[in-house]
Every structure is written in structure tokens, then in C-alpha cells.
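Subject: Structure for you to look at

Hello,

Here is the structure I promised to pass on. Please open it beside this email and follow along.

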Amino acid sequence: MTASPAGPAPDEEPAEPAEPEEPEKPEAPTETEADRLRDLVRKPAYRRVLVFSALIGVPISLAAFWFLAGLHELEHVMWADLPQALGWDAPPAWWPLPLLALAGIVVGLVVTHLPGAGGHVPAYGLHAGEASAAALPGVIIAAFASLPLGAALGPEAPLIALGGGLALLFRRLVRAPATPQSTALLGAAGSAAAISAIFGNPLIAAILLIEVAGVGGPQLFVIMLPALLSSGVGAVVFTGFGRWTGLETGSLSIHFPTAPPPLDTGDVVWSIVLAAGIGALVHVVIIGGRLIAVFVAASTFIRTVLCAVAAGGCAALYALITGRTPVDVASSGQATLAGLAEDPHTWGVGALLAVLLFKSAAYVLCLGSLRGGLVFPVLFLGAAAGVLLAPLPGLGVIPAVAAGMAAASAAALRLPVSSVALVVLVLGNAATIPVVILSAVTAFVTGELLPTGPSAMHHRPPEDKAAGDEAVRGRGAVQG
């Protein structure tokens, strides 16, 4: 028998004919990072931002010049002219107490009554992109109350806030459209124009903002082009205006009496060991500052005054114990750093230990209570630690100072590339670059392995939190 072909089962549907396959469409080419940057630079709105950044570099640099000159002159009056007018050749040991008490009162009033709380708490590091025109009066008053009256802080954080706030104020005056993107760009440009002056080089301003803003890819170029342009114009204006007026603003640079010797194995090995130790100690100091900030936040006015007076007590005790001037402790450390580098042998072991102990304590108290920057005092602390440890076998004074400054800066700022560039520019030589890099990286990694302490956002005033949220939105708009 021949089998008949089997038909479909009663409950089965006949199979549908297969549809012809569509040919694969070629994938659309993805937009590269370079294409995005090229498209952005071609936009008229971005080119207008570049032009505006160059223009605001002039008035912002002039404002930064007078700001720094005013701080310098007032500091000289309070710590040199006034004591001499009262019959003292040098400030007496008790001198920092009333000055820092006054600083605490003024800063406490600013924090509790003015918009922006006088700027961010220095214990939480440098911040960019949180500029506010409304916060400018408080920032200026708090800086003039803190820095010339003996706070162990530097001027770079108020300068960042001053530059960014003025840039936004100028935008308002010319009635330019306000968008999150323009706020981020102009804030960075204004900050760069202001801080390029204090570091003596516009390049460090750009490098610092790269790491402070935490940008990368096309966002890096978007923000840094206006910042570079504004800081370059500002540096030219600042330098020329300083020579014309003859006024001093202070410059972060040091000069050793001898040229640095060639590095040897001892210098390299010891720099790594020193960096780990100094990085850990500075990390503890920064956490101490954050704990002080938490303490102050519970009762701002009273505890700000208490911490400021305690910082003055540190300077007074140092002067009583060592017989040296209290300015070594009650200051940013800029002038003292220059004197330490020019003649490190005038500092005995006891004086170095005392200044490290008391200035660190004053630094902790000021970080959490007053207003200013982290850079200047921590560079001095690193240099002093380097001079103290320079007698170690195989370690020279200059490599030790370079390693100490790099380690302390990287541990405090958490910005390793900026720390390397800053220390190299301050030292003014290339011979110590290897130990500077090794020390900065070692200290940074050491800090990353240690606890971070209280978070900034949990203890910032409501105005600062709102500004931070706006900055985040601005950075997101730039990136998008």
C-alpha cells in the first residue's frame, strides 16, 4: 500500500508563509566627543559666553586686586602698625585673643543673618559652581573679619566666591538671559579670573577648577575655555595694575637660598614615607575641622565666637612657650612660609614642633567656624613638617619641603593634579617634580583609605544647600 500524504491535524492551523527578511539597515554613525564639542563651539550663544568671559576678566581681576590689597593692608595695620603705635615692637602674646574674638562675632552675625552664610565652611573643601550675587556682601564681610584678624585660613575660597558672584552680577546688569548652563560657565570663568591672581599664574586657576568642578570630556572644554580666557585676561590686568599702584596683595611663592641638589634614592624613598605620614595627619586635621563645623552648627553665633577665641588662645600659648611672634599661628602662613624657606635653620626643633601643634589646632578651629580657604595654612604645615624631618639620613631640606607641601596639599584639598601644579609653581623649579608627584599621589591614596568624616551636605545652611542644588542642575545642563 502506498501511504497518502499526511494532512494537517484537525486542531492545527496551516502554517503561514514566512515573510521575507528585511535587509539590515546600516547603523547611524554615533556622534563623537569631538563632534559634540565642535557643534557647541559653533553655536552663537557659546561664542557670546566666551566674549563675555573675556570682558568680565577685567573688572573681576580689578575687584580681586583691591580685595587682596585690602586684606593685606588691614592685616599689616592689625599686626604691625597698631602694636607699634601702642608701644610694642611686636604683637604681645595676648594680641590674637581680642582680634579673633571680634572675628568670631562678625562671622557669627554674617552666618546667621546674611544670605549665603558668608561662603561655604572651609572644612568641606573648595567649591566651584555655587556662585551667588546675593551672597557677595556676606562673603566679603566674613573674609575681612576672618583673614586680617588672625584666622589660620587663606583667601582662595572667598576669591572663588567673589569672582563667581561678580560674574553673575554683571550678567544681571547687562540683562543677559539666565540659564543653568550660563550660570555654570560664568561662575567658573569669574572664579578663575579672581583666583589666578593669588597663585601668580592663570594656569593654576584653570587646573584647580578642572578638579574642583569635577568635569570631563566635552564638559571639560565647555567650562574651561571661558575660565582660561577670563583668567588670562585677569592675570594681565592684575599684574599691570599692581605695578601701577605699587600696592602689595601677596603672592604665593617661596625662594630657597640655595639651588636644589640632584635627587637621590634617599630623597625619593623618604618622600613616600613622609607623604603617607603627613597625608594621614592632615586628613585627621580636616576631619577635626568638619567635627568643629558640626559643633558650631548647633548654636552658630555663640560657638563661632568660642572657636575663634580658642584659635586666638592657640596663638597666644605658642607665643608664650616659644617667645616667637603669635603671627606664626594667627595668620594664613603665607609670609611665614616664605621666611621658613629662606632660612629654615633659624627654626629649632622645639619651635617647629610647637608651630605644627598650635597652628594645626588653630587651623582645625578656624576650618569649622570662620571663613577662608584651606591652601595657604596647609602648605605651611607641610613645609614645616618637611624642615623638621629633613635631618633624616639621605633626605635634603628642599626635597623634604617639596614632599611635605605636596602631601599636605593633596590630603587637604583632595585635588592631586592641582596640588602638584601648585607646589611646582610655588617652588619655581623642576628638580623636585618627581618627589612632588610621588608625595601628592601617596597622600591622596592614603586619604582615600581613611574615613571621610561628616558630610558637607548634612551640615550646610539652607542657603548653601539651595546653591548646591542649583549648581548641580547647571552642571547637568552643561553636560547635556
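Below is what was found, from the whole chain down to single residues.

**The chain as a whole**

This is a predicted model. The chain has 17 helices and zero strands. Of its 480 residues, 52% count as buried. Residues 24 or more positions apart account for 81% of them.

Start with confidence. The mean pLDDT of the chain is 80. A pLDDT of 70 or more is reached by 73% of the residues. Which helix has the highest mean pLDDT, and which the lowest? Among the elements of the chain, helix α10 (residues 300–322) has the highest, at 97. Helix α17 (residues 462–479) has the lowest, at 42.

Two stretches need care. Over residues 1–14 the pLDDT stays under 50, and the model has zero contacts beyond four places in sequence for them. Over residues 457–480 the pLDDT is also below 50. Where pLDDT is low, the predicted coordinates should not be read in detail.

**Two helices to look at**

Find α3 (96–113) first. It has 18 residues, which should span 26 Å at 1.5 Å a residue. The end C-alpha atoms of α3 are 25 Å apart, which agrees. Its buried residues include P96, L99, L100, G104, V107 and V111. What do the buried residues of α3 pack against? They pack against α2, α4 (136–146), α10 and α12 (349–369).

Now go to α10. It has 23 residues. From its first C-alpha to its last it reaches 33 Å, close to the 33 Å expected at 1.5 Å a residue. Among its buried residues are T304, V305, C307, G312, C314 and Y318. The buried residues of α10 pack against α3, α9 (265–297) and α12. G323 follows α10, and its phi is positive, near 75°.

V77, L82, L86, W88, W94, L97 and V309 make a nonpolar surface patch of about 560 Å². Is W88 buried or partly exposed? W88 has a relative accessible area of 32%, so it is partly exposed.

**Salt bridges**

How many salt bridges are there? The count comes to two.

One joins R324 and D328, with the closest N and O atoms 3.1 Å apart. R324 is partly exposed, with a relative accessible area of 29%. D328 counts as buried, at 5% relative accessibility.

The other joins the side chains of E448 and R414, at 2.7 Å from N to O. E448 lies in helix α16 (residues 433–448), while R414 lies in the loop between α14 (397–413) and α15 (416–427). The pair therefore ties together parts that are 34 residues apart in sequence. R414 is partly exposed, at 22% relative accessible area.

H283 is in helix α9. At 8% relative accessibility, H283 counts as buried. Which residues does H283 touch, leaving aside neighbours within four places in sequence? It is in contact with A411, G447, L450, P451 and T452. H283 and A408 are 125 residues apart in sequence, yet 8.5 Å apart in space, C-alpha to C-alpha.

T446 is found in helix α16. This residue counts as buried, at 17% relative accessibility. T446 touches A276 and A280, not counting residues up to four places away in sequence.

I204 is found in helix α7 (residues 202–213). It is buried, with a relative accessible area of 2%. I204 and A192 are 12 residues apart in sequence and 9.0 Å apart in space, C-alpha to C-alpha.

Best wishes

Conventions
Residues numbered from 1 in each chain as written. Heavy atoms only, no water. Helix = DSSP H or I, 4+ residues; strand = E, 2+ residues; numbered from the N terminus. Buried < 20%, exposed > 50% of the residue type's maximum accessible area, 1.4 Å probe, protein only. Contact = heavy atoms within 4.5 Å. pLDDT = per-residue confidence, 0-100. Patch = residues over 30% accessible without salt bridge, like charges linked within 9 Å, V, L, I, M, F, W, Y side chains within 5 Å. Areas by Shrake-Rupley, 256 points an atom, 1.4 Å probe, with all protein chains shown as cover. Salt bridge = Lys/Arg side-chain N within 4 Å of Asp/Glu carboxyl O. Expected span 1.5 Å × (residues − 1).
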